[in-house]
Amino acid sequence: MLELKELLEIDDLNEVWETSTEKPVILFKQSTTCPISAEAFAEFQRFLDNNEEDIGAFYVKVRETRPVSDQIAEDLGIRHQSPQAFVLKDKEAVWNASHDKITEDSLNEALQNV
């Protein structure tokens with residue numbers, strides 16, 4: 001199973017961007033109060049549990065750490081949604097999806113295309 005790191009401070013994003021220059025990164029934004037987000041996070045967890053690729057895995061709770069979530073949207077130039085998942089490579093989003101489009105299969109497919 002891959003190690004999943006929670007982003008708590010804006011400075012934590014430096015690790016995300018730097019890791020993306022070494023290997024693909026999956027970044028997940030979730031709302032802890034939304035059932036759709038909970039289901040998407042469960043799909044994300046299944047993806048991580050069944051994946052053996054060398055990737056980075058990070059997540060942010062959008063309500064609890066709004067500045068981090070907002071900074072992600074600004075840095076990537078992609079409008080905020082929740083839940084939202086990104087595949088990052090070289091500090092850029094090469095794939096993103098939101099809501100029910102976040103599935104174990106869609107994450108696997110996105111990663112194969114990196």
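**Ground rules.** I am working on a predicted model, where local features need pLDDT of at least 70, side-chain atom pairs count only at pLDDT 80 or more, and totals for chains, interfaces and linings use all residues. Residues are numbered from 1 along each chain as its sequence is written, and side-chain values use heavy atoms, with hydrogens and water left out.

**Sheet.** I started with the strands and found five of them in an open, mixed sheet, ordered S1-S3-S2-S4-S5. Helices (H or I, at least four residues) and strands (E, at least two) are DSSP runs numbered from the N terminus, and two strands pair if DSSP finds at least two bridges between them. S1 (4-6) and S5 (92-98) are the edge strands, each pairing on one side only.

**S4 and S5.** I looked up this pair next: S4 (residues 84-89) and S5 run antiparallel and are joined by six bridges. Ala85 sits opposite Ala97 of S5, and Gln84 has Ser98 in S5 as its bridge partner. Their hairpin has two residues between the strands, and there I noted a positive phi near 50° at Asp90.

**H3.** Which strands does H3 touch? Helix H3 (residues 66-76) packs on the sheet against S2 (25-30), S3 (56-61), S4 and S5, and its direction makes about 130° with that of S2. For the record, contact means heavy atoms within 4.5 Å; axes are lines fitted to C-alpha atoms, for helices over the stretch in contact, and angles run from 0 to 180 degrees between N-to-C directions. I list Val68, Ser69, Gln71, Ile72, Ala73 and Leu76 as the buried residues of H3, buried being under 20% relative accessible area with a 1.4 Å probe, protein chains only. Their cover includes helix H1 (13-19) as well as S2, S3, S4 and S5. After H3 comes Gly77, with a positive phi near 70°.

**Pro83.** I then checked the loop between H3 and S4, where Pro83 lies. Pro83 is buried, at a relative accessible area of 0%. Beyond four places in sequence, Pro83 has contacts that include Phe28, Lys29, Ile36, Ala40, His99 and Ile102. Lys29 is 54 residues away in sequence, yet its C-alpha is 5.4 Å from that of Pro83.

**H4 against H2.** Helix H4 (residues 104-112) lies across S2, S4 and S5, at about 165° to S5. H4 also packs with H2 at about 55°, with the axes 8 Å apart. That makes the pair oblique, the class left once under 35 degrees is roughly parallel, over 145 roughly antiparallel and 65 to 115 roughly perpendicular. I see Glu43, Phe44, Arg46 and Phe47 of H2 meeting Glu104, Leu107, Asn108 and Leu111 of H4.

**Cores.** Which residues have the most contacts inside the largest nonpolar core? I find Ile26, Phe28, Phe44, Phe47, Ile102 and Leu107, in a core of 18 residues. Such a core is a set of buried Ala, Val, Leu, Ile, Met, Phe, Trp, Tyr and Cys residues joined through side-chain atoms within 4.5 Å. S2, H2 (35-49), S3, S4 and H4 each give two or more residues to this core, and H2 has the largest share, with five.

Definitions and conventions. Buried means under 20% relative accessible area, exposed over 50%, partly exposed in between (1.4 Å probe, protein chains only).
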